[in-house]
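Here is a short report on a two-chain protein model. Look over the sequence and structure first, then read on.

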Amino acid sequence: MAVEGESAGHGPLAQFEIHRWISIEPFGVDLSFTNSALFMTIAVVLAIGFLMLGTRRHALVPGRWQSVAELSYEFIANMIRDNVGQDGRKYFPFIFTLFMFVFFGNMLGMVPYSFTYTSHIIVTFALAAVVFVGVTTIGFMRHGIRFLGFLMPAGIPVFMAPLIIPIEILSYFTRPVSLALRLFANMTAGHTMLKVFASFVFGLGVFGIVPLALVTALTGLEFIIAFLQAYVFTILTCVYLNDALHMH
Amino acid sequence: MPQFDPTAFTPQLFWLAVTFSVLFFAMWRFALPRLSNIMEARQQRIDADLDKAASVKEEAGRVLAEYEQAQAEVRDQAAAVIKQAGDRMAAESTARHEAFRAELAERTRAAEQRIAAAKDEALANIKTVAVEAARAATAKLIGVEAPIEQVRDAVEATARKRS
C-alpha cells in the first residue's frame, strides 16, 4: 500500500503488499485484519484441521491422512531427539508448532494469488526473536550466570579472550537476524523471481514457451525450498536449544 | 518493498501472536497428545501381540514335547508287548514240537512192535505150514510119518540158513 510507484500495478513486488480488510484501531494502535492475518488464520485452520481430522478415528492401522500426521509428528520428534536429546522433549509442542506455522505459511504461498506471510521480515523476525529470547532464557535458567561462559569456549588461551569474546557475542546476536533473514529472503526472492519470469511469458509471444518452462521448473524448486526453509528454521531452533541446554 | 513499511508491522505482529498462540494451544493440548496416544497404543498392541505369539509358541513347543514323549512311551510299550507275544509263541511252539516228536516216537515204536509181532506171527505160520507141508510131502513120497520135532528142527535150520 505505502509502496512508492509500483503499488498500483502488477509489479513483481505487488504480491507482498498488505491490504487492510477489517480496520481495527484501538487506542490508535493499528491491529487491522489484513491479508497477511487472513493467511495466518488459514494456515492455522488447515494445520489444526489436518492433524485433528486426520487422527479422529484413532486408527490402529492409519489411513492416508493419519499416516501423514504421524509422519510429521515423528519427523519433528526425531529432529529434537537427534539435535537436542532427551531433555528437549518438553519443548516439542513449541518446536512442532513453529515448524507447522512456517511450513503451512510457505506452502500456502505457493497457491496462486495467495499471500506468503513468511515473506515478511517482521513475521520471520518476530518468530526468530521468540526463539532467541526463549533459548537465552532457558540457558540462564539452566546454567545461571555460568551461561555467560558460552561466550568463552573452553580450551582457548586466556590472552585470546579479548578477541574471542566480542566475536562470540557478535555471532550469538547474529543468530536471530540470520534466522529471520534466511527465511524472509528465500521466500521473497523465490516469489519475486517466479513473478518476473512469469511476466516474460506473454511479452515474448511464441518464445514465451521458454520462460514458461523455466517458471514450471522453478515452481517445483520453490516447493522444495518451501519445505526446506521450514526445516532449516526448525532445525536451527533445535541447534540453538541444544546449545542453551548443553552449552558448547 | 512492502515488507519494509513500518505501518504494516503492528497488525502483522498482533495477528501473528494471536494465530501462533491458537496453533500452539491446539497442538499442545489436543493434536500432539492424541497423536502420541495413538502411536503409543499401537506400540503397546504390537508388544502385546508379540508377547502372546511368544507364549503360544512356547506352549506349542511344550505340547509337542509331551506328544513326543507319549509317543516314545507307547512305542516302548508296543515293543514290549510284541516281544512278550513272540516269546510266548516261541515257547508254545517248542513245547508242541517236543510233544509231537514224543508222540511220533511213541507211535513209531508201537508200529514197529506191531510190525515185528506180525512178522513173527507170519514167520511162525510159515514154519507151521512148512512143517505140515514137509510132513505131508515125506508121507506121500516115502510113506514115513516123520516125527514133528525132527521136521520142525529141519525147517528151523533151513530158515536160519536162508535168512
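## A residue to start with

In which helix of chain A does A:Phe99 lie? A:Phe99 lies in helix H3, residues 92-108. Helices (H or I, at least four residues) and strands (E, at least two) are DSSP runs, numbered from the N terminus. This is a predicted model: local features need pLDDT of at least 70, side-chain atom pairs count only at pLDDT 80 or more, and totals for chains, interfaces and linings use all residues. Residues are numbered from 1 along each chain as its sequence is written, chains are lettered from A and ligands numbered from 1 in the order in which they are written, and side-chain values use heavy atoms, with hydrogens and water left out.

Is A:Phe99 buried or exposed? A:Phe99 is buried, because its relative accessible area is 4%. Buried means under 20% relative accessible area, exposed means over 50%, and partly exposed lies in between (1.4 Å probe, protein chains only). Leaving aside neighbours within four places in sequence, A:Phe99 is in contact with A:Phe75, A:Ile76, A:Phe227, A:Ala230, A:Tyr231 and A:Thr234. Contact means heavy atoms within 4.5 Å. A:Ile80 is 19 residues from A:Phe99 along the chain, and their C-alpha atoms are separated by 12 Å.

## How confident is the model of chain A?

Chain A averages a pLDDT of 87, and 96% of the residues score at least 70. pLDDT is the predictor's confidence in each residue, from 0 to 100. Among the elements of chain A, H3(A) has the highest mean pLDDT, 94. Strand S1 (residues 20-22) of chain A has the lowest, 84.

Residues 1-8 of chain A are another matter. There pLDDT stays under 50, and the model has twelve contacts beyond four places in sequence for these residues. Where pLDDT is low, the predicted coordinates should not be read in detail.

## A buried histidine

A:His191 lies in helix H5 (residues 161-203) of chain A. A:His191 counts as buried because its relative accessibility is 5%. Its side chain makes a polar contact with the side chain of A:Thr116, at 3.2 Å. A polar contact is a pair of N or O atoms within 3.5 Å; within protein, one must be able to donate a hydrogen and the other to accept it, and residues adjacent in sequence count only if both atoms are side-chain atoms.

What else does A:His191 touch? Not counting residues up to four places away in sequence, A:His191 touches A:Gln15, A:Phe16, A:Gly109, A:Met110, A:Thr116 and A:Glu222.

## Where the chains meet

The contact takes 50 residues from chain A and 33 residues from chain B. Together the two chains bury about 3900 Å², 78% of it on carbon and sulfur atoms. Buried area is the accessible area (1.4 Å probe) that two parts lose on being put together, summed over both. B:Gln3, B:Gln12 and B:Arg34 supply 17% of the area that chain B buries against chain A, more than any other three residues.

Across this interface the rule finds eleven residue pairs in polar contact, both at pLDDT 80 or more. The side of chain B that touches chain A divides into 23 nonpolar, six polar and four charged residues. Ala, Val, Leu, Ile, Met, Phe, Trp, Tyr, Cys and Pro count as nonpolar, Asp, Glu, Lys and Arg as charged, and the others, Gly among them, as polar.

## Salt bridges

A salt bridge is a side-chain nitrogen of Lys or Arg within 4 Å of a carboxyl oxygen of Asp or Glu. The whole structure has 13 salt bridges over all chains. A:Glu70 lies in helix H2 (residues 64-83) of chain A and B:Arg42 in helix H1 of chain B, so this pair joins two chains. Their side chains meet in a salt bridge at 2.7 Å, N to O. A:Glu70 and B:Arg42 are both buried.

A:Asp243 and A:Arg175 form a salt bridge at 2.6 Å, N to O. This pair links distant parts of the chain: A:Asp243 is in helix H6 (residues 209-246), A:Arg175 is in helix H5, and they are 68 residues apart. A:Asp243 is buried at 15% relative accessible area, and A:Arg175 is buried at 14%.
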